[in-house]
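User: I am new to reading protein models. Please take me through this one, feature by feature.

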Amino acid sequence: MAVIRPGDVDRLIARGGGDYRIMLIHGPDEGLARLRARGLADAVLGAEADPLGRIDLDAETLNADPARLADETQAISMFGDRRVILVRQAGKLGKGIWQALLQGGAPASPVILHADELTKSHALRIACESNPAVAVIACYPLDLRDLEHAAQARLRLAGLSIDAEASAYLADLLGADQSLSLQEVDKLALFCHGQGRVEIADIDAILADASASSASEPVDTAFEGDLPGIEPAMRRCLRDGISASGILTLALAHVQTIHRLVRARSDNVLEQAIKQERLFYKREARVRRQAQSWSMQGLGRALETLSVAQAQGPDG
């Protein structure tokens with residue numbers, strides 16, 4: 001059996017799938033399945049990867065051109081960069097397409113099959129679960145205790161510890177949507193990077209109901225082009241104990257978010273992409289406006305500026 005145990009999923013994703021070259025992600029928790037598929041693709045490519053290395057396909061496209069998946073799996077980047085193939089709606093793939101993939105040996109580029117919940121009798125699920133070369137990750141909703149353990153495991157992977165009181169407080173704030181919850185934990189891990197421990201004040205800064213002094217305020221203010229508003233927003237954050245390095249880290253992550261949304265805008269799927277980002281509802285309109293106003297060239301310059309600032313910081 002190649003079904004990955006729940007406690008091993010985050011470690012496998014962090015390793016980009018490890019030795020597995022074909023991975024099936026499915027389950028009733030669609031948000032979590034989507035988050036894990038995207039996280040796995042990002043881990044395969046690495047932090048400095050060319051975003052063009054991720055090849056996004058869907059069942060409709062591949063069913064209309066059955067040979068394309070085989071062509072993509074064996075293609076090699078001209079510059080030697082990593083590639084990963086993400087196939088959405090994989091449960092609707094024609095049987096001949098996924099059979100050829102599973103029987104064709106290890107593909108040159110890793111393939112992530114992302115599907116909705118597949119029943120135990122679904123042919124694709126049976127074939128993948130019986131193939132030791134395929135990793136199968138099932139995504140089911142967690143109860144509060146399991147969600148707390150999942151958050152603790154995610155923070156440990158980021159090199160962070162959290163005491164029982166702060167962990168219970170975090171779980172209370174996370175809510176029932178596991179996809180949104182784990183994204184919030186990832187933001188928390190970014191914010192606390194380098195400090196070794198997560199405190200209740202850090203959780204309040206990232207997860208508590210957003211106010212004018214939240215950590216996202218100076219980031220949104222900057223990306224909206226409100227230059228006079230940046231300094232007072234930063235002062236409020238610093239007064240509330242939010243570090244400048246933490247805000248800078250969030251700004252770097254925000255560049256990547258806007259980059260994805262601008263790319264989606266060019267493909268006329270901006271609203272769908274905004275939903276996939278699972279933004280805090282009070283920020284959604286602001287982030288939408290940012291995605292509509294920024295260009296890829298402008299984001300490139302912003303990324304360079306923020307990267308230089310981070311390198312010149314106390315940890316750079």
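**Strands and their neighbours**

Analyst: Aspartate 56 stands opposite leucine 86 in E3. Strands (E, at least two residues) and helices (H or I, at least four) are DSSP runs, numbered from the N terminus. This is a predicted model, in which local features need pLDDT of at least 70, side-chain atom pairs count only at pLDDT 80 or more, and totals for chains, interfaces and linings use all residues. Residues are numbered from 1 along each chain as its sequence is written, and side-chain values use heavy atoms, with hydrogens and water left out.

User: In which sense do E2 and E3 pair, and over how many bridges?

Analyst: Two strands pair if DSSP finds at least two bridges between them. Strand E2 (residues 54-58) pairs with E3 in the parallel sense, over five bridges. E3 is also joined to strand E4 (residues 111-114) by three bridges, and these two run parallel. Across that pairing, leucine 86 stands opposite isoleucine 112 in E4.

User: What does the chain pass through from E3 to E4?

Analyst: The chain goes through helix H5 (residues 95-103), and this β-α-β crossover is right-handed. Right-handed means that, with the strands pointing away from the viewer, the path from the first strand over the helix to the second runs clockwise.

User: How many residues of strand E3 are buried?

Analyst: Buried means under 20% relative accessible area, exposed over 50%, and partly exposed in between (1.4 Å probe, protein chains only). In E3 (residues 84-88), four of the five residues are buried, so the strand is largely enclosed by the rest of the structure.

User: How many residues does the largest nonpolar core have?

Analyst: A nonpolar core is a set of buried Ala, Val, Leu, Ile, Met, Phe, Trp, Tyr and Cys residues joined through side-chain atoms within 4.5 Å. The largest one here has 43 residues, and Leu155, Leu170 and Leu188 have the most contacts inside it. Helix H13 (residues 244-266) gives the most to this core, ten residues. Contact means heavy atoms within 4.5 Å. Leaving out residues up to four places away in sequence, leucine 170 touches Ala151, Leu155, Ile162, Leu188, Ile203 and Leu207. Another core, of 24 residues, lies apart; Leu57, Val87, Leu101 and Leu124 are among them.

User: Which residues of helix H14 are buried?

Analyst: An α-helix has 3.6 residues a turn, so residues three or four places apart point the same way. In H14 (residues 270-277) the buried residues are Leu270, Ala273, Ile274 and Glu277. Because they cover an arc of only 105° around the axis (from the directions from the helix axis to the C-beta atoms), they are on the same side of H14.

User: What do the buried residues of H15 pack against?

Analyst: In helix H15 (residues 284-293), the buried residues are Arg286, Val287, Arg288, Gln290 and Ala291. They pack against helix H11 (216-223), H13 and H14.

User: Where is asparagine 268, and is it buried or exposed?

Analyst: Asparagine 268 is in the loop between H13 and H14. Its relative accessibility is 71%, so it counts as exposed. Although asparagine 268 is not a glycine, its phi is positive, about 60°. Glutamine 89, in the loop between E3 and H5, also has a positive phi, near 55°. At 42% relative accessibility, glutamine 89 counts as partly exposed.

User: How many disulfides does the structure hold?

Analyst: A disulfide is a pair of cysteine sulfur atoms within 2.5 Å. The structure holds zero. For cysteine 139, the nearest cysteine sulfur is that of cysteine 128, 14 Å away. Cysteine 139 counts as buried, at 0% relative accessibility.
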